[in-house]
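Here are my notes on the model, point by point. Please read them with the structure open.

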Amino acid sequence: MIFAEKVLNLRRKNGWSQEELAEKAGVSRQSVSKWESAASIPDINKILELSRIFGVSTDYLLKDDMEDVEFIREDDGDGTRRVSLEEANAFLRDKRVQARQIARGVLLCILSPVLLILLGGLTEPNPWLAVSEGTAAGVGMMALLLLAAVAVATFILSGMRMKSYGHLDAGAFELEYGVAGVVREHWAAYEPVFTRCIVLGVTLCILSAAPLIVAGAMGVPEYVLPMLLALLLALAGLGVYLIVRVCIVKGSFDRLLREGDFRAEVIEDERRMERVGGVYWPIVTAAYLLWSFLSGGWHFTWVIWPAAALVFAAISAVVRRNGD
C-alpha cells in the first residue's frame with residue numbers, strides 16, 4: 001500500500017473530509033487531494049504532522065511494504081494520550097475477542113466440578129453403572145484441575161492481549177475530534193444485543209435451580225440428583241457466560257466514553273478496590289478449597305462464591321463511601 005492510499009484510508013477511518021484534514025495539517029484542500037491521488041508527496045515536516053494527526057508512525061506512512069498500522073504514543077505533555085478512531089476501533093475489536101475468552105474461562109470454572117459431581121453420584125447404588133469412590137474422586141479431581149488450569153491460562157492470555165491498551169485502563173487519554181460520536185454509534189448498534197443477552201443470562205441463572213427443586217419435591221431417587229446438579233451448573237454457567245461477555249463489551253464502550261463505571265472518580269474507587277480484592281479473593285479461594293477438600297461436599301460448597309460476592313459488595317460500598 002502506497003503513501004497516497006494510506007492517507008486516504010486513515011482520513012476515511014477517522015471520518016474526516018479533505019477540508020477537515022487540510023485544516024488540521026495547515027494546508028489547502030487541493031494539497032490533500034494531490035496527496036491522496038499520488039500527484040504529489042508532502043515534505044518531511046508535513047509527514048511528521050500527518051503522523052501526529054493520525055497517531056501512526058512515520059514508518060507506516062512511508063514504507064509501502066508496511067501494511068499493518070503502527071500506532072505511536074502521542075501525548076499532550078502531561079501523560080495524556082490522544083486516541084484516534086483507528087485505535088478506538090482496534091480497542092473495541094480486541095475487547096470483543098477478550099470478552100469471549102474471559103467468558104469462556106468463567107464458564108470453565110463453573111463447569112469444572114461437574115464430572116466430579118456426576119462420578120460421585122455413580123458411587124451410590126443405581127441401576128445403570130457404579131464406580132469406586134477412589135476412581136470417581138481421582139478422575140473428577142483431574143478434570144476439575146485441568147479445566148481450572150485452562151481457565152487460568154485463558155485469563156492470563158486475554159490480559160496479555162490487551163496490554164498495549166494500558167493507557168485506556170488508566171484513563172490517561174483523550175479522544176480525537178469525532179471519535180466519541182462514532183463510538184456512540186457503535187454502542188447504539190450493540191445495545192440491543194447487550195439487552196437480549198442480559199435478559200437471557202439472568203433468566204437462565206434464575207431457572208437453573210428449577211429442575212433440582214422440582215426433583216426434590218417429587219422425591220426422585222438420590223442417584224438422579226447429581227445429574228440435576230450438573231444441569232444446574234451448566235444452565236447457570238451459560239447464563240453467566242452471556243452476562244460476562246456482553247458486560248465486558250459494554251465496559252469497552254464506557255471506558256472510551258468515560259461513562260458509567262469508568263468515570264474518573266469511579267476509576268479511582270476501582271484502584272482502591274483492586275488493592276482490597278488482591279487480598280480478599282485469594283483468601284476466599286483458599287477457604288473454598290479447604291472447606292471442599294475437608295468436607296468432600298463439592299455439591300454445596302459452591303455457595304461460598306455468591307456469599308463472598310455479597311460481602312465484597314458491602315466492602316466496596318464502605319470503601320467508596322470513605323473515599324468520598
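1. **Cys-205.** Cys-205 is partly exposed, because its relative accessibility is 28%. The classes run as follows: buried is under 20% relative accessible area, exposed is over 50%, and partly exposed is in between, with a 1.4 Å probe and protein chains only.

2. **Ground rules.** This is a predicted model, in which local features need pLDDT of at least 70, side-chain atom pairs count only at pLDDT 80 or more, and totals for chains, interfaces and linings use all residues. Residues are numbered from 1 along each chain as its sequence is written, and side-chain values use heavy atoms, with hydrogens and water left out.

3. **Disulfides.** The whole structure was searched, and 0 disulfides turned up. Cys-197 is in no disulfide, and the nearest cysteine sulfur belongs to Cys-247, 9.8 Å away. The criterion for a disulfide is a pair of cysteine sulfur atoms within 2.5 Å. Cys-197 counts as buried because its relative accessibility is 18%.

4. **Overall make-up.** The protein has 14 helices and 2 strands. These are DSSP runs numbered from the N terminus: helices are H or I with at least four residues, strands are E with at least two. Of the 324 residues, 37% are buried. Areas come from the Shrake-Rupley method with a 1.4 Å probe; for residues, only the protein chains shown count as cover.

5. **Contacts.** Take the contacts with a separation of 6 or more: 68% of them join residues 24 or more positions apart. A contact here means heavy atoms within 4.5 Å.

6. **Annotated spans.** The unreviewed UniProt entry carries the annotation "transmembrane region" for residues 102-122, 134-157, 193-217, 223-248, 278-294 and 300-319. UniProt positions follow the numbering used here, feature names are shortened, and annotations may be inferred rather than shown by experiment. Two of these spans can be set against the model. Residues 193-217 are 92% helix and 0% strand, with end C-alpha atoms 37 Å apart. Residues 223-248 are also 92% helix and 0% strand, and there the end C-alpha atoms lie 39 Å apart.

7. **Salt bridge, Glu-86 to Lys-13.** The salt-bridge count is 6. The rule asks for a side-chain nitrogen of Lys or Arg within 4 Å of a carboxyl oxygen of Asp or Glu. One of them joins Glu-86 and Lys-13, at 3.5 Å from N to O. Glu-86 sits in helix α6 (residues 85-111) and Lys-13 in helix α1 (residues 3-13), so the pair ties together parts 73 residues apart in sequence. Glu-86 is buried because its relative accessibility is 13%. Lys-13, at 39%, is partly exposed.

8. **Salt bridge, Arg-29 to Glu-19.** The closest N and O atoms of this pair are 3.9 Å apart. Arg-29 is in helix α3 and Glu-19 in helix α2 (residues 18-25), 10 residues apart. Both ends are partly exposed: Arg-29 has 32% relative accessibility, and Glu-19 has a relative accessible area of 46%.

9. **Salt bridge, Arg-184 to Glu-259.** Here the N to O distance is 2.7 Å. The pair links distant parts of the chain, with Arg-184 in helix α10 (residues 179-207) and Glu-259 in the loop between α12 and α13, 75 residues apart. Arg-184 is partly exposed at 41%, as is Glu-259 at 30%.

10. **Positive phi.** Which residues other than glycine deserve a look at their backbone? Ala-38 has a positive phi of about 65°. Its place is the loop between α3 (29-36) and α4 (44-54). Ala-38 is partly exposed, with a relative accessible area of 49%. Arg-258 has a positive phi near 55°. That residue belongs to the loop between α12 (225-257) and α13. Arg-258 is partly exposed at 38%.

11. **Nonpolar patch.** Trp-291, Phe-300, Trp-302, Val-303 and Trp-305 make a nonpolar surface patch of about 430 Å². Patch residues have over 30% relative accessible area and no salt bridge; like charges are joined within 9 Å, and nonpolar side chains (Val, Leu, Ile, Met, Phe, Trp, Tyr) within 5 Å. Val-303 lies in the loop between α13 (264-295) and α14 (304-323). Val-303 counts as partly exposed because its relative accessibility is 37%.
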